[in-house]
Amino acid sequence: MSDLALAAFAAETNSHVVEEPRERRFQRFRRGFDEASYRAGLRAQGLRFLGRSDSGYPALLCELHDPPAGLFVRGAAGVELLARPAVAVVGARACSSYGAQVARLLGRELAAAGLVVISGLARGVDGEAHRGALEANGATTAVLGCGIDRDYPAAHAQLAGRICENGLVVSEYAPGVEPAPWRFPARNRVIAGLAAATIVVEARERSGALITADFALEAGREVFAVPGEITSSLSSGTNALLRVGATPLTSAADVLEALGVEPMPQGDELVGETAARVLTALSTEPAGVNDLVAATGLDAASVATALAELELARAVAEAYGLYRAVRPQG
Amino acid sequence: MLARTVTHALVGLDARRVEVEAHLQLGVPAFAIVGLADRACQEAKERVRSGIASAELEWPTRRITVNLAPAELRKEGSGFDLPIALAVLAASRQVPPEALGGHAAVGELALDGRLRPVGGVLAAAEGARQAGLSHLLCAAESAAEAALAGVQPVPLRHLAEAVAYLRGEWVPPPPDPITAASNGNGATPPVPDLADVRGQERARRALELAAAGAHHLLLGGPPGTGKTMLARRLPGILPRLPPEQALEVTRIHSVAGLLAPGRPLVTVPPFRAPHHTASVASIVGGGSSPRPGEASLAHHGVLFLDEFGEFPRNALEALRQPLEDGAVSIARVGGKIVFPARFQLVATMNLCPCGARGDPAAECSCSAARLAAYRDKLSRALLDRFDLVVTVPRPRARELAGSPGEASVAVRERVVPARERARGDPLRRSTPAEELLSRAVERLPLSARGRARVARVAHTAALLAGVEEVAPEHVAEALSYRSPSELGMP
């Protein structure tokens, strides 16, 4: 039962440890390590620890060649959540509004179908995927690349709080571990390891999301990539993934089918006639209100009304004044 | 020999009665002004002496003491020249002292004895009326302004005329009554017309809603898309000021010395556009003897802050009090001064420091840290005041080549009745509208404050539509104006 000691030792020495080291230093540390009081300290902070040798340790994660010694966990959900079928949605931090909107749509629809959405709490695609899952009142798990007691990035502290209400925040790292660039690829292997499939929404070449995809491939998991414009640098990574054989993702249903999950019957919400006209005008490319006024011949007030209706029906999403149809076009 | 005249000193926007006493005594000829007179006021000595000589009157070779009472009140400015001169003349019996009864006086003297107008005559005239004085001696240019307060102005061009009038040798011509012709539409300074804006239907609609509901408006978008151009056209579609508001605005502008000659009453809602390098005091008012700032000068009008994100943070935060209370209060050792500041805030800002966000043709080069810093500058508390937030995209070529937009006059014809209806009972929301609003609160990230904001805009949309009930489409339209905190996302 040395998992916790191993994790605490890694934190103490600021290193990455998954196997018991032969160093004398570790032996000394272990002799002086008071596991009971450490656990009490975790409990006092509302944290839990799930060791590799515990029965609840996710089976999928064990399949990695270097599974973490254990996971620190916070959040209201039980650790059984980690064993439920899950999909990782990852991508660029500096994503485009297209990437953000697709990530949110996927997060929402996958969570609505009962899958757990896993991501890394980062800005951009990660955060949007979490938000989408929360919108659907689904479960979502955030995997941190720093100590479990930190919210990183700080701007997502509130999001982390909302995730904890109904889901989990997990980390391989003990409280007090500072975020460091080299820890994030290790974090990505946990994301890929926990998920049955990994979706890359938007990634540049050499993006961290591609590392996640590599880990997923290594573990023999399904990898999906969302096709993007071939002229956009933000899509170069995902398009390269597609070229080497990733499955193109055209709707959340593709993932559900691959995982054998029944899609939730969810009839598209009906919208009025004016709204349908506006939606048709949006089907080829995103447009602003002024463009829609020109395209439909409606006045600005009616277009605004229609857009709000479509937005409530979650058929369009807005960013910086541009509206985009977010249901995949058949 | 002693004589007295009455004038008024300004404390903020209020006029306080000041008695100017002149006492001539035997002794070495001298001239002293006592009673907390500031520098401009002390210099009155030289102007008064020259003015009296130029009017071919006699400067008494006595020991002259002028006291400005009450002595504890600070007196500032040059408006005391005329009352001091008249007090000296009355004390030396060159004008009959009893003729000064019922008269207040205000005005600056030129060295040749001519009278120059000063700021704050309206406030001084109101002070005179409240003190039961019937006439105000003032410069001819200020006469129309004084008449607004309901006292009889005595328009003077020269000190000699004042003396002739008080001796009963001269009757001043009655001032021109303030008519629509001298003050109405024809004479107002030209406001740029909305017809100049091509396309931008979205922002035009937002401008119309802002005008009809007096909503604060935030225009976001990349540079060069016409945000400023649109904002400058807002006064042209606002209704004229009703008389009591016009008087309030005029009082502030009078104190600031901003009234246009010959057009004393401000009937067009003021439009103030301070630059983003402006100091806090110049925006909300201040100074050792507090003067109204831009926020007060925009009272009942528009305060336009171009490049909102570039203003110093403390200047923006200082605006929160007037946005909340409709007034700025400035505390000084001598007491608190309140300037009204119920303005409509219109602001423009880029969506990121480099300005490329929201422009499909450019790629934003801002780092996450720079973006966060830009966003942090504007507190949510301040951003939440904006009921209407629209992004103004780069116009397409065909929009610019299209026909001119609707003229301001046509838009104002819709705004004016909506504003009038807004004074009545608020409209009820229909049940479907209520349901839509509740659904939106559940589905969108909409706070309680956001809900109230949507309800206000929906109400204005219904008023503009001329219907008796707020319908779902009005709520839906209101929902489409984003909450400002979302501007910086994701």
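Domain bounds here come from an automatic or database domain assignment. One thing to keep in mind throughout: this is a predicted model.

**Exercise 1. Work out which domains chain B has, and what the side of domain 1 that touches domain 2 is made of.**

Step 1: check the spacing. Between the C-alpha centres of domain 1 and domain 2 of chain B there are 40 Å.

Step 2: look at the contacts. On the domain 1 side of chain B 15 residues take part, and they meet 17 residues of domain 2 of chain B.

Step 3: find the elements behind the domain 1 side. Strand 1 (2-11), helix 4 (121-130) and helix 5 (143-147) of chain B each put in at least two residues. Helix 4 of chain B gives the most, namely three residues.

Step 4: sort by class. That side of domain 1 of chain B holds eight nonpolar, three polar and four charged residues.

**Exercise 2. Trace the five-stranded open sheet of chain B and find the helix that packs on it.**

Step 1: write down the strand order, which is 11-12-15-10-16 in chain B, with parallel pairing.

Step 2: pick out the edges. Strand 11 (271-272) and strand 16 (388-391) of chain B pair on one side only.

Step 3: zoom in on one pair. Strand 12 (residues 302-305) and strand 15 (residues 344-349) of chain B share four bridges in the parallel sense. For B:Val302, the bridge partner in strand 15 of chain B is B:Gln344.

Step 4: Helix 8 (residues 201-213) of chain B touches strand 10 (217-220) and strand 16 of chain B, and makes about 165° with the direction of strand 16 of chain B.

**Exercise 3. Describe what chain B brings to its contact with chain A.**

Step 1: count both sides. Chain B has 26 residues in contact with 21 residues of chain A.

Step 2: list the elements. Helix 8, helix 15 (368-377), helix 19 (431-443) and helix 21 (472-479) of chain B each give two or more residues to the side that touches chain A.

Step 3: sort by class. On that side of chain B you get nine nonpolar, six polar and 11 charged residues.

**Exercise 4. How do helix 6 and helix 7 of chain A pack?**

Step 1: get the geometry. Helix 6 (residues 125-135) and helix 7 (residues 157-166) of chain A pack at about 40°, with axes 11 Å apart.

Step 2: name the arrangement. Because of that angle, helix 6 of chain A is oblique to helix 7 of chain A. The crossing of helix 6 and helix 7 of chain A is left-handed.

Step 3: list who touches. Helix 6 of chain A uses A:Gly127, A:His130, A:Arg131 and A:Leu134, while helix 7 of chain A uses A:Leu159, A:Arg162 and A:Ile163. By class, the contact of helix 6 with helix 7 of chain A has three nonpolar, two polar and two charged residues.

How values were computed: Residues numbered from 1 in each chain as written. Chains lettered and ligands numbered in written order. Predicted model: local features only at pLDDT ≥ 70, side-chain atom pairs only at ≥ 80, totals over all residues. Pairing = 2+ DSSP bridges. Contact = placed C-beta atoms within 7 Å. Axes fitted to C-alpha atoms, helices over the stretch in contact; angles between N-to-C directions. Nonpolar A, V, L, I, M, F, W, Y, C, P; charged D, E, K, R; others polar. Parallel < 35°, antiparallel > 145°, perpendicular 65-115°, else oblique. Left-handed = near helix turned anticlockwise from the far one by under 90°.
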